[in-house]
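Trainee: Could you go through this one with me? I'd like to start with the aromatic side chains and then move on to the strands and the core.

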Amino acid sequence: MKPRLYGLMAEFRQPEALVRAARTARERGLAGVDAYAPFPVPDLAEAVGYPGSRAVPCATLIGGIAGGAGGYFMQWYAATQSYPVNVGGRPLHSWPLFIPVTFELTILCAAICAVVAMLGANGLPRLHHPVFATPGFDLASRDRFFLCVRLPEACTEDDPSYDRAMAVLRETDPIDIQEVPA
């Protein structure tokens, strides 16, 4: 029995070649295309078909609103309900005193929610991914650019989708094409 494959990995020397290969793969109908580069590459997100995510901005807004409202409510409750103290004849609900803490809790909760949403959107923490076992993939953090085309579940070398993906990747003229075991 042949081993199951996660996908095929093509290696490139230049970022422009990676972007061209990603566009070619998407134009030819290959769906699961991922790119790996040592630095941000312009137009790469569009080339691989990344639609963007609304998760981080929405989570940041919700966290900020919840933090601000919670901070203000906490101070209002303490000053007017739990422990009302008349200080210098000021009203118990003296809102200008509540602004600094409300502001700080808004920023703190928004930042924490943004980080948690970013980690969740990126699928982190991920301790193992099949592409990590690809020989030479450690160069993706230094000076190489990789394009991975995911294959359907239970795909082997005998599957027509394997041949189609391999043909498209060969057409892009990479340095090397390797199989990524599942």
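Trainee: Is phenylalanine 132 buried, partly exposed or exposed?

Mentor: Bearing in mind that this is a predicted model, phenylalanine 132 has a relative accessibility of 48%, so it counts as partly exposed.

Trainee: And what about phenylalanine 137, buried or exposed?

Mentor: Phenylalanine 137 is buried, with a relative accessible area of 10%. The rings of phenylalanine 132 and phenylalanine 137 have their centres 6.3 Å apart and their planes at 35°, so this pair is described as tilted.

Trainee: How many aromatic pairs does the structure hold?

Mentor: There are seven aromatic pairs. One that deserves a look is tyrosine 36 with phenylalanine 137, where the ring centres are 5.1 Å apart and the planes stand at 85°, so the pair is edge-to-face.

Trainee: Why does that pair tie together parts that are apart in sequence?

Mentor: Tyrosine 36 belongs to strand E2 (residues 33–36), whereas phenylalanine 137 sits in the loop between helix H4 (99–121) and strand E3 (145–150), so the pair links parts that are 101 residues apart in sequence.

Trainee: Which residues form one aromatic cluster with those?

Mentor: The cluster is made up of Tyr36, Phe132, Phe137 and Phe146.

Trainee: Switching to the strands, then: how do E2 and E3 pair?

Mentor: E2 and E3 pair in the antiparallel sense, over four bridges. E3 also runs antiparallel to strand E1 (residues 5–12), to which six bridges join it, and in that pairing alanine 10 has leucine 147 as its bridge partner in E3.

Trainee: Is E3 mostly covered or mostly open?

Mentor: E3 is mostly covered, with five of its six residues buried.

Trainee: Last topic, the core: which residues touch the most other members of the largest one?

Mentor: In the largest nonpolar core, which has 27 residues, Phe12 and Leu147 touch the most other members. E1, helix H1 (15–27), helix H2 (44–48), E3 and helix H5 (160–171) each supply at least two of the core's residues, and the largest share, six residues, comes from H1.

Trainee: What is phenylalanine 12 in contact with, leaving aside its neighbours within four places in sequence?

Mentor: Leaving those neighbours aside, the contacts of phenylalanine 12 include Ala17, Leu18, Ala21, Leu147 and Ile175. Apart from this core lies another, of eight residues, with Met9, Phe137, Ala140 and Cys148 among them.

How values were computed: Residues numbered from 1 in each chain as written. Predicted model: local features only at pLDDT ≥ 70, side-chain atom pairs only at ≥ 80, totals over all residues. Heavy atoms only, no water. Phe/Tyr/Trp six-rings, centres within 6.5 Å; stacked < 30°, edge-to-face > 60°. Buried < 20%, exposed > 50% of the residue type's maximum accessible area, 1.4 Å probe, protein only. Pairing = 2+ DSSP bridges. Core = buried A, V, L, I, M, F, W, Y, C linked by side-chain atoms within 4.5 Å. Contact = heavy atoms within 4.5 Å.
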